[in-house]
Every structure is written in structure tokens, then in C-alpha cells.
Amino acid sequence: LREGRKYERARIRETHKDFVIFDLILLLTTVLAAVGVANNLVLAVHGRRREIGLYRVLGMTRRQVRRLVLAEGAVVGALGGALAVVVGVPLGYAAISALRVVSAFDVDFSFPPLYAPIAVAAALLIAVAAAWYPAQRAAALESAESVHYE
């Protein structure tokens, strides 16, 4: 038989291990989302290369093209962050409620006031970082390509 305190410490250690696994899953999901944003923008740049070339012929600078693609990434990140808050908070509350039912611990769901803006800002930064490579590729496109027809 175990004493109550030893049992509680063992359960707390196990719970901490579970949360390390959850954090690792969150990290991998974040990396996957960044790769998805980058892939989406690479395909968008590839599909719009004539349009981007036409912009260049009409006077758009490489810097402006880069900023255009980065802005697209920022919009995706802001929308993704907002959606994460809107969907994540109820799911977090449900998960904590389920944990309360199956656990011997008294757990509460707390929602820090800065959570929402931090989550949206983090999603925005990750998406803009992921958009950097497609933006560089878009800026490197030649403007002469848009005036040539097959």
C-alpha cells in the first residue's frame, strides 16, 4: 500500500509527463501549420507568376512584391490565430472538465486576459516567418515572363 502523499506525488509526476507530451504535440502542430502556410503561398506564387510579372512590368518593385506575399501570410496567420482562440477556448474548457471527472485532482480552467492577443500574435509571427521564402521567390520572378505567350 502507498501513503496518500506518495500516491499524490506519483500522480502529479505522471500528469507532468502527460503535459510534456501535449507540449510536444503542440510544437509539432505549429511546425506543420508553418509548413502548410509556406506550401500554400509557394503554390499561390507559382500559380500567379504571370500576374506578379505583370505587376513588375507596371512598376511594382521587388520589395513591394515581397511585402504583398508577406501580407497574404499575415492575413492567414491572423485568421488562423483568431480561429484558434475561438475554437481552442471551448475545447480547453471541455478538456479540463473531462480531466476533472477522471482525475482525483481539483483542476480549474483559467483564461488569462492576454491569452487571446498573444495567441493571435504568435500565429501571425509564425505565418509571416513561413511566408518569407515564398515572398523571396515571388520577388525574384522576372517581369518579362508576363509578356511572353506560349
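What separates Phe19 and Phe22 in helix H1? The two lie three residues apart in H1 (residues 4-47), so about one helical turn separates them. Helices here are DSSP runs (H or I, at least four residues), numbered from the N terminus. This is a predicted model: local features need pLDDT of at least 70, side-chain atom pairs count only at pLDDT 80 or more, and totals for chains, interfaces and linings use all residues. Residues are numbered from 1 along each chain as its sequence is written, and side-chain values use heavy atoms, with hydrogens and water left out.

**Aromatic pairs**

- The structure holds two aromatic pairs. Rings of Phe, Tyr and Trp (its six-membered ring) pair if their centres lie within 6.5 Å; planes over 60 degrees apart count as edge-to-face, under 30 as stacked and the rest as tilted.
- Phe19 and Phe22 pair edge-to-face, at 5.5 Å centre to centre and 85 degrees between the planes.
- Phe19 is partly exposed at 39% relative accessible area, and Phe22 is partly exposed at 46%. Buried means under 20%, exposed over 50%, and partly exposed in between (1.4 Å probe, protein chains only).
- Phe111 and Tyr115 also form an edge-to-face pair, at 5.4 Å and 65 degrees.
- Phe111 is partly exposed at 40%, as is Tyr115 at 35%.

**Nonpolar core**

- The largest nonpolar core has 15 residues. Such a core is a set of buried Ala, Val, Leu, Ile, Met, Phe, Trp, Tyr and Cys residues joined through side-chain atoms within 4.5 Å.
- Val37, Val45, Ile52, Val69, Ala130 and Ala138 touch the most other members.
- H1, helix H3 (62-102) and helix H4 (115-140) each give two or more residues to this core.
- Ile52 is in contact (heavy atoms within 4.5 Å) with Val45, Val65, Ala138 and Leu141, leaving aside its neighbours within four places in sequence.

**Largest pocket**

- The largest pocket holds about 1400 Å³ of space. A pocket is an open set of points on a 1 Å grid over the protein atoms alone, where a 1.4 Å probe fits, with protein on both sides within 12 Å along at least five of seven lines.
- Points are joined across faces, edges and corners, and the volume is the space filled by probe spheres set on them.
- The lining (residues with an atom within 4 Å of a point) counts 41 residues.
- Phe22, Asp23, Leu26, Gly88 and Tyr115 lie nearest the pocket centre.
- H1, H3 and H4 each supply at least two lining residues. H1 gives the most, with 14.
- By class, the lining has 26 nonpolar, 10 polar and five charged residues. Ala, Val, Leu, Ile, Met, Phe, Trp, Tyr, Cys and Pro count as nonpolar, Asp, Glu, Lys and Arg as charged, and the others, Gly among them, as polar.
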